[in-house]
Amino acid sequence: MINFIGKLIQEKRRALGLSVRKLAILANINHTDVTKLEHNKIQKPSINTLLSLSKILDVNLLAAYLEGEEKYLKYQSIIEKCAQLNDEQLLNAIKYINSL
């Protein structure tokens, strides 16, 4: 699952033409964290980091992380609609889904 997140971050970053440092600046995180995530050196990324990167990359990394590659790809259209939620709404939605 983690390998998928690193690959997804790297693909989205490159598609947007962003360097690691530029993505880090835009997401307000350390550039070494971006590199570590892309190379699967962070096993449990923080929710804040995933949400910050999600906003810049226009992809719901938190949902991808929680669900894994297979489910993420299967439900990608629903997950992408969740990207329109603010952070609090997204966390509440995830809590609700996890309670089912």
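Asn40 is partly exposed, with a relative accessible area of 22%; here buried stands for under 20% relative accessible area, exposed for over 50%, and partly exposed for anything in between, using a 1.4 Å probe and protein chains only. Asn40 sits in the loop between α3 and α4, where helices (H or I, at least four residues) and strands (E, at least two) are DSSP runs numbered from the N terminus. Although Asn40 is not a glycine, its phi is positive, at about 60 degrees. As a reminder, most residues other than glycine have a negative phi. The loop between α3 and α4 also holds Lys41, which is exposed, with a relative accessible area of 63%.

The structure is a predicted model, in which local features need pLDDT of at least 70 and side-chain atom pairs count only at pLDDT 80 or more, while totals for chains, interfaces and linings use all residues. Residues are numbered from 1 along each chain as its sequence is written, and side-chain values use heavy atoms, with hydrogens and water left out.

The protein has 7 helices and 0 strands, and the pattern read along the sequence is α-α-α-α-α-α-α. Of its 100 residues, 36% count as buried. Among contacts (heavy atoms within 4.5 Å) with a separation of 6 or more, 54% come from residues 24 or more positions apart.

The largest nonpolar core contains 24 residues, and those with the most contacts inside it are Ile9, Leu23, Val34, Leu53, Leu57 and Leu61. Two or more residues of this core come from each of α1 (2-15), α2 (20-27), α3 (31-38), α4 (47-57), α5 (61-74) and α7 (87-99). Such a core is a set of buried Ala, Val, Leu, Ile, Met, Phe, Trp, Tyr and Cys residues joined through side-chain atoms within 4.5 Å. Leu61 touches Ile5, Leu8, Ile9, Leu50, Leu53 and Ser54, leaving aside residues up to four places away in sequence. Within α4, the residues Thr49, Leu50, Leu51, Leu53, Ser54 and Leu57 are buried.

Ile5 belongs to helix α1 and is buried, with a relative accessible area of 2%. With residues up to four places away in sequence not counted, Ile5 touches Leu61, Ala64 and Tyr65. Between Ile5 and Leu50, 45 residues apart along the chain, the C-alpha separation is 9.7 Å.

Helix α1 also contains Arg13, and this arginine is buried too, with a relative accessible area of 8%. A polar atom of the Arg13 side chain lies 2.9 Å from the backbone oxygen of Leu18. Beyond the residues up to four places away in sequence, Arg13 touches Leu18, Ser19, Val20, Leu23, Glu38 and Leu57.

Two packed helices are described by the angle between their axes and the distance between the axes. The axes of α2 and α3 come within 8 Å and cross at roughly 115 degrees; axes are lines fitted to C-alpha atoms, for helices over the stretch in contact, and angles run from 0 to 180 degrees between N-to-C directions. On the α2 side the contact is made by Val20, Arg21, Leu23 and Ala24, and on the α3 side by His31, Val34, Thr35 and Glu38. These residues divide into 4 nonpolar, 2 polar and 2 charged, where Ala, Val, Leu, Ile, Met, Phe, Trp, Tyr, Cys and Pro count as nonpolar, Asp, Glu, Lys and Arg as charged, and the others, Gly among them, as polar.

After α4 comes Asp58, in the loop between α4 and α5. Asp58 is a residue other than glycine with a positive phi, near 55 degrees, and it is exposed, with a relative accessible area of 60%.

Finally, Cys82 lies in helix α6 (residues 76-82) and counts as partly exposed, at 22% relative accessibility. Cys82 touches Asn60 and Leu90, not counting residues up to four places away in sequence. The C-alpha atoms of Cys82 and Asn60 are separated by 7.4 Å, and the two residues are 22 residues apart along the chain.

How values were computed:
Polar contact = N/O pair within 3.5 Å; in protein donor to acceptor, adjacent residues only side chain to side chain.
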